[in-house]
Amino acid sequence: MSSSAVQPPLSSDSDSDTSSPSSSSTHHRHADLSSSIFQSYLSHSSYPHNDRNQDLIKIQSFLTSSRSGALSCLICLERIKPTDPTWSCSSSCFALFHLLCIQSWANQSINLAASRASLRAAVVPDENSLVWPCPKCRVEYRKTQTPKNYFCFCGKVQDPPRDPWVLPHSCGEICGRSLKYDCGHFCLLLCHPGPCPACPKLVRNKCFCRKSEDVKRCGFKNFSCNGVCKKLLECGVHRCGEICHDGSCLPCKEKGTYKCQCGKVETTRECCERDFRCDNACNRMLGCGRHVCERGCHEGDCGDCPLQGKMTCPCGKRAYEGMACDVAVPLCGATCEKMLSCRFHRCSERCHRGPCIQTCRNVVTKSCRCGSLKKQVPCYQELTCERKCQKVRDCGRHACKRRCCDGDCPPCSETCDRKLRCRNHKCPAPCHIGACAPCPLMVRISCSCGETQFEVPCGIENEQKPPRCRKTCPVAPLCRHRSSCKPHKCHYGACPPCRLVCDEEYSCGHKCKLRCHGPQPPPNPEFTLKPRKKKSNQPSEPTPGSACPPCPEPVLRSCFGHHIGTERMMVCSNRAEFSCDNLCGNPLPCGNHYCTYVCHAMKARSSKSDTCEECNLPCEKEREPACQHPCPLPCHRGECPPCKTLIKRSCHCGSMKHVFECKYFNCLSEKEQMAVRSCKGPCHRKLPNCTHLCPETCHPGACPLPDKCSKKVTVRCGCQTLKKEWLCQDVQTAYHSSERVHEEEKISRFQKIVAAVKKVMLVIVIVVIVIASAYLGYKGLVWLSDWMNENEARQRRKYSRN
């Protein structure tokens with residue numbers, strides 16, 4: 001970064017030659033100050049002038065505003081002096097306020113929030129939950145974050161001393177704050193207002209796809225190598241084909257043929273949507289052999305029949321065991337007593353199937369929300385009265401007016417719409433108590449070239465002096481004498497007018513002889529000086545930016561229709577045209593008719609039929625080949641366009657419909673039309689009394705009608721050793737008979753297994769009882785022997801004492 005890129009622009013005016021020495025010394029001091037602030041940053045980084053990011057621009061704007069004395073507090077709209085204690089927001093706005101103003105703002109916001117919370121909840125709110133917003137960006141701070149002391153911009157020095165060679169409110173030391181994205185580096189600028197710029201350190205980093213490695217600035221170390229990503233996608237099969245990008249890859253869009261979860265439907269889908277379900281029902285037989293699976297498309301087993309096992313009556317008071325799954329459970333006849341939707345009463349009907357009544361009709365005594373009305377109503381009905389709440393809302397200006405209010409009045413929905421202190425805008429916030437928030441808008445004041453500028457709060461822009469600039473005015477003249485005009489210094493308002501002769505050539509070929517009055521560059525819209533009073537002895541001059549006066553030369557003009565022999569002599573500046581009262585006679589665009597209007601105006605001289613009447617007659621030409629659809633165009637030139645109307649024709653078997661253009665279908669012969677209508681696939685019509693389809697290709701007419709299906713199918717024996725070809729009807733007969741035999745075998749095997757398990761369990765129980773009896777008997781004998789020995793020892797001690 002060059003020194004010219006970071007130094008604030010020099011202050012000047014159009015009369016800068018007569019500036020006082022004090023102003024030049026002040027400018028010199030601020031130029032040195034700007035270079036001293038950026039000196040540490042420039043010694044460690046080398047940003048080009050074109051790569052200045054928004055953070056550096058914001059810092060430079062803060063420095064320019066401070067140099068010009070344009071820093072103002074948004075709360076009191078007063079100028080911030082270099083000796084005033086300040087506080088700056090640490091969010092994205094970095095606005096500067098008086099310390100006393102921001103403390104008063106925070107206390108008022110916290111007190112207002114506490115009063116609103118106590119009115120609504122009727123309890124004292126927790127102090128940790130109270131917040132106050134920044135007056136500009138509205139970022140919320142906690143009560144404990146209310147500023148109490150005056151610190152410099154970087155927050156290291158409390159009450160920084162006033163130094164005329166250091167930026168006001170700055171400690172003059174290296175900032176040292178952590179840079180964006182927590183890269184591990186710290187800001188190298190001197191203590192400064194606004195955000196810290198991007199990290200200028202050089203680091204080696206890989207691109208997003210981790211293939212290429214390069215040296216980048218730490219603040220912009222994430223980059224794309226512009227190659228193909230080729231990361232393995234979530235499907236685990238395909239790779240990403242996008243350009244090297246940040247973040248996760250897009251879902252796989254490769255198309256393929258995939259089956260649904262039940263395997264019945266096969267379709268072409270994107271790889272990321274390969275796991276899908278069809279709209280067909282499962283309909284597979286469950287283990288009970290009586291019901292089919294009612295679930296939709298799914299994978300895996302269907303599971304057991306949900307109607308098997310222990311069954312109860314609808315109210316759940318009586319249980320039944322051993323019932324078949326296809327038998328309806330009988331009603332117990334007792335009272336239902338299920339809890340109704342009101343959660344207070346129970347169903348009084350007998351045990352019944354289906355849901356209970358949805359609305360509880362028991363009559364109870366209820367009170368309305370505001371407590372002014374009590375009445376007996378059905379339990380399901382809500383009781384409200386017509387009384388309007390007269391309590392004043394938290395804004396202190398409007399009443400609640402809500403019907404049957406429970407006391408918790410909602411916030412006021414009216415807009416405040418009071419004039420802000422800036423006197424330019426109105427408060428858009430909801431109706432509230434206390435003063436309105438300050439206007440958060442900033443007004444930018446700059447010189448004509450825009451190099452020197454600063455921002456001030458809305459409302460004080462009229463009291464600020466614009467910045468001065470010593471550079472040459474970069475605005476090029478807009479008149480035709482731009483190459484011969486002398487350059488002038490940057491100025492306010494519009495550029496001075498050109499003093500040369502206009503000599504502008506009209507479109508008719510004549511030239512203007514007045515003084516140059518060509519277009520003038522517009523003034524800076526953000527700041528414009530008041531126009532100076534003109535002297536009375538100066539001669540009148542044409543207004544700059546005005547058009548040349550009308551050309552006074554006489555010319556020969558023709559009528560609207562340019563008919564021969566109807567010309568008139570007129571002034572060149574008079575552009576009025578006339579009609580010769582003859583018929584127009586120009587051919588219409590259709591090429592079949594002529595215009596019958598009286599001589600009329602033309603929009604384009606090159607084409608005499610641009611403004612003539614339109615031919616609204618429909619086209620009556622016969623179309624080739626002949627069809628029943630008329631030509632949709634109005635009367636036109638040349639042949640009619642081919643008929644593009646779409647007609648639908650179903651195939652012979654009815655499985656699909658073909659859509660043809662009328663021209664294409666009608667050009668075919670009857671035999672070709674029958675061939676085109678065929679879907680070229682097998683006939684989808686089933687044979688009568690059989691599951692097999694018609695073996696022929698899609699054909700017109702009826703399918704063959706055999707009495708029995710004679711198709712052969714391959715069958716195998718139970719051990720899969722032998723196989724034979726049987727007729728379809730014989731296979732079905734054998735399959736039904738084998739199912740009955742397998743069911744009987746399964747039942748007999750299950751009974752044998754149950755009997756064997758019962759015998760084993762009986763033997764185990766007997767063995768356990770014998771072992772337990774022997775163990776308890778042995779323990780009893782040991783205890784009895786010990787007891788007898790203790791009694792004998794007591795008797796011996798007793799006799800020995802005697």
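Buried means under 20% relative accessible area, exposed over 50%, and partly exposed in between, with a 1.4 Å probe and protein chains only. The model is predicted, so local features need pLDDT of at least 70 and side-chain atom pairs count only at pLDDT 80 or more, whereas totals for chains, interfaces and linings use all residues. Residues are numbered from 1 along each chain as its sequence is written, and side-chain values use heavy atoms, with hydrogens and water left out.

**View 1. A nonpolar surface patch that includes Met761.** Ile753, Val757, Val760, Met761, Ile764 and Val768 make up the patch, with about 560 Å² of accessible area together. Patch residues have over 30% relative accessible area and no salt bridge; like charges are joined within 9 Å, and nonpolar side chains (Val, Leu, Ile, Met, Phe, Trp, Tyr) within 5 Å. Areas come from the Shrake-Rupley method with a 1.4 Å probe, and for residues only the protein chains shown count as cover. Met761 belongs to helix α7 (residues 728–801); helices (H or I, at least four residues) and strands (E, at least two) are DSSP runs numbered from the N terminus. Met761 is partly exposed because its relative accessibility is 48%.

**View 2. The hairpin of β7 and β8.** The two strands pair in the antiparallel sense over 5 bridges; pairing requires at least two DSSP bridges between two strands. Lys255 stands opposite Glu270 in β8. Between the strands are 6 residues, and Gly263 in the turn has a positive phi of about 80°. Lys264 is also in the loop between β7 (255–259) and β8 (266–270), and is partly exposed at 47% relative accessible area.

**View 3. The salt bridge of Lys253 and Glu270.** The closest N and O atoms are 3.5 Å apart; a salt bridge is a side-chain nitrogen of Lys or Arg within 4 Å of a carboxyl oxygen of Asp or Glu. Lys253 lies in the loop between β6 and β7 and Glu270 in strand β8, so the pair ties together parts that are 17 residues apart in sequence. Lys253 is exposed at 51% relative accessible area, whereas Glu270 is partly exposed at 21%. The whole structure has 8 salt bridges.

**View 4. The salt bridge of Arg480 and Glu504.** The side chains meet at 3.2 Å, N to O. Both residues are in the loop between β14 (453–457) and β15 (554–557), 24 residues apart. Arg480 is partly exposed, with a relative accessible area of 45%, and Glu504 is partly exposed at 33%.
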